[in-house]
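My notes follow in the order in which I took them.

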Amino acid sequence: IIRKDIEKEFKEVIGDRIAAICADHQVTVDYAFQDSNDIPGTLPEGRTKPWGTGQAVLAAKNILSTPFIVINADDYYGKEGFRAVHEYLVNGGKSCMAGFVLKNTLSDNGGVTRGICKMDEQNNLTEVVETKNIVKTATGAEADGVAVDVNSLVSMNMWGLTPDFLTTLGDGFQEFFEKEVPGNPLKAEFLIPIFIGEQLEQGKMSVKVLKTNDTWYGMTYHEDVAAVKDSFKKMLENGVYKADLFCDL
């Protein structure tokens, strides 16, 4: 899912290469475009900010006919989480998320914000507690001086969902546009994690948390770039991935 205004540049730099590789392995690539005018109302004057991840997923509703996974396009999640979510969905599961171990998502270069998961005895998600400024310490991690359990599971925005969810999401976007946009027309965003949190709170949805021990990589700080590059180099050396990324499909 990309913005229409960067379609040409995206395809030239990334998209056409991915599509060609996938075609060789019988993997289909479809594009969906996030359009700021694709809304249940009138675009507020002066609005330039995209409407958020919820609207981005809705942009793909016409090409999604099977269960699907939602991720941030600029993060690395590893293989284990994808396998776990895939297996859950193909075996009849409805909604799930990959729960990453907090210590595997922290930066060596400063504090980060993470959504720490609370679950019931069946590993159903009950709440995601947004926790800011989590930093590594000699004994683990802390947030603003308070110790944080580094073995907690956190949400990194990897969701397993079904086409039925898109109907619920569309209804939520309609409500968001009626209730939230008038009060903040230029910056209000319709975000998947917040919407799912509201559904959980109202008892309208159940989400299974699937633990993954993979290391998550993002680039919160400029200094993270070197460490991420080194980690990918080691994964190639250790055979986690092949230089030809799709050769083992």
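Predicted model: local features only at pLDDT ≥ 70, side-chain atom pairs only at ≥ 80, totals over all residues.

Helices here are DSSP runs of H or I with at least four residues, strands are runs of E with at least two, and both are numbered from the N terminus. Helix α6 covers residues 224-237, and its 14 residues reach 20 Å from the first C-alpha to the last, close to the 20 Å expected at 1.5 Å a residue; the expected span is 1.5 Å times one less than the number of residues. I then listed the buried residues of α6, which are D224, V228, S231 and M235. Seen down the axis of α6, these buried residues fall within an arc of 60°, so they line one face of the helix; the arc is that of the directions from the helix axis to the C-beta atoms. After α6 comes G239, which has a positive phi near 80°.

**Helix α3**

In α3, residues 80-90, I found G81, V85 and L89 buried. They cover an arc of only 55° around the axis, which puts them on the same side of α3. R83 and V90 are exposed on the other side of this helix. The cover over the buried residues of α3 includes β3, β4 (96-101), β9 and β10 (208-212). G92 follows α3 and has a positive phi, near 100°.

I looked at α4 next, which has 17 residues and reaches 25 Å from its first C-alpha to its last, close to the 24 Å expected at 1.5 Å a residue. Its buried residues are F165, L166, L169, G172, F173, F176 and F177. They cover an arc of only 135° around the axis, which puts them on the same side of α4. The face turned away from that buried side carries the exposed residues D164, T167, D171, E178 and K179. The buried residues of α4 pack against α2 (53-58), β3 (68-70), β9 (153-161) and α5.

Which helix supplies the largest share of the lining of the second largest pocket? It is α4, with six residues. A pocket, on a 1 Å grid over the protein atoms alone, is an open set of points where a 1.4 Å probe fits, with protein on both sides within 12 Å along at least five of seven lines, and lining residues have an atom within 4 Å of a point. The second largest pocket has a volume of about 370 Å³. Of the 16 residues that line this pocket, the closest to its centre are G172, F176, F190, F195 and E198. I found that α4 (163-179) and α5 (192-201) each supply at least two residues of the lining.

**Single residues**

Q199 sits in helix α5 and is buried, at a relative accessible area of 8%. Leaving aside neighbours within four places in sequence, Q199 is in contact (heavy atoms within 4.5 Å) with T168, K204 and M205.

V70 lies in strand β3 and is buried, with a relative accessible area of 13%. Not counting residues up to four places away in sequence, V70 touches V57, N157, M158, W159 and L161.

N133, in strand β6 (residues 125-137), has a phi of about 55° and counts as partly exposed at 38% relative accessibility. D144, in the loop between β7 (140-143) and β8, has a phi of about 50° and is exposed, with a relative accessible area of 62%.

How values were computed:
Residues numbered from 1 in each chain as written. Heavy atoms only, no water. Points joined across faces, edges and corners; volume = space filled by probe spheres on them. Buried < 20%, exposed > 50% of the residue type's maximum accessible area, 1.4 Å probe, protein only.
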